[in-house]
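Biologist: I am new to this structure. Please show me how to read its features.

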Amino acid sequence: MATDPSGNVYVGDYDHGRIQKFDGSGAFLTTWGTPGSGDGQFNHPFGVATDAGANVYVADTDNGRIQKFDASGTFLTKWGSAGSGNGQFQYPYDVATDANGNVYVADTNNNRIQKFDANGTFLAAWGTYGSGNGQFAGPTGVAIDASGNVFVADQSNNRIQKFACP
């Protein structure tokens, strides 16, 4: 779930393969997407984030990619594929943006966080499997604060880890 600069709320409707948009008081505004693997289609969308320009980023979890839309749901671009290389994902579960428009992805089954620019160009990645500092066991959430710190929900290690923006 994410809010845009106007206070609208976007929700990944995981089981129905769509994104739903509501105003700040909860009134339904629109929906987009259908189940599938084409542009604008989803296979279990979960994490949703917005940027300062009200673009919407969706972690299309079972399609192993990130999709980007404008605020009305018009498809803009996508990136990612199944795998473990840079820019590839194994169950991308959550997505967040920072003040500079960079996009962070909780790449759950690869036990890492990946960072991209707003168009999907790979910038950085960190994390490996484990329980030490900087290691993850199924990261399922990512958030960025106003100072650019990155917070990661490290699910199977039952903790939150905080990182300075790489």
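Modeller: We will take the salt bridges, then a sheet.

Modeller: This is a predicted model, where local features need pLDDT of at least 70, side-chain atom pairs count only at pLDDT 80 or more, and totals for chains, interfaces and linings use all residues. Residues are numbered from 1 along each chain as its sequence is written, and side-chain values use heavy atoms, with hydrogens and water left out.

Biologist: How many salt bridges does the structure hold?

Modeller: A salt bridge is a side-chain nitrogen of Lys or Arg within 4 Å of a carboxyl oxygen of Asp or Glu. The structure holds 5. One of them joins Asp60 to Arg65, with the closest N and O atoms 2.7 Å apart.

Biologist: Is Asp60 buried or exposed?

Modeller: Buried means under 20% relative accessible area, exposed over 50%, and partly exposed in between (1.4 Å probe, protein chains only). Asp60 is buried, at 0%. Arg65 is buried too, at 6%.

Biologist: Which parts does the pair Asp39 and Lys78 tie together?

Modeller: Their side chains meet in a salt bridge (2.6 Å, N to O). Asp39 lies in the loop between strands S5 (34–35) and S6 (41–42), and Lys78 in strand S10 (residues 75–79), so the pair links parts 39 residues apart in sequence. Strands (E, at least two residues) are DSSP runs, numbered from the N terminus.

Biologist: What is the strand order in the open sheet?

Modeller: Two strands pair if DSSP finds at least two bridges between them. The order is S15-S16-S17, with antiparallel pairing. S15 (139–144) and S17 (159–163) are the edge strands, each pairing on one side only. S15 and S16 (residues 150–154) are joined by 5 bridges. Gly141 has Ala153 in S16 as its bridge partner.

How values were computed:
Helices (H or I, at least four residues) and strands (E, at least two) are DSSP runs, numbered from the N terminus.
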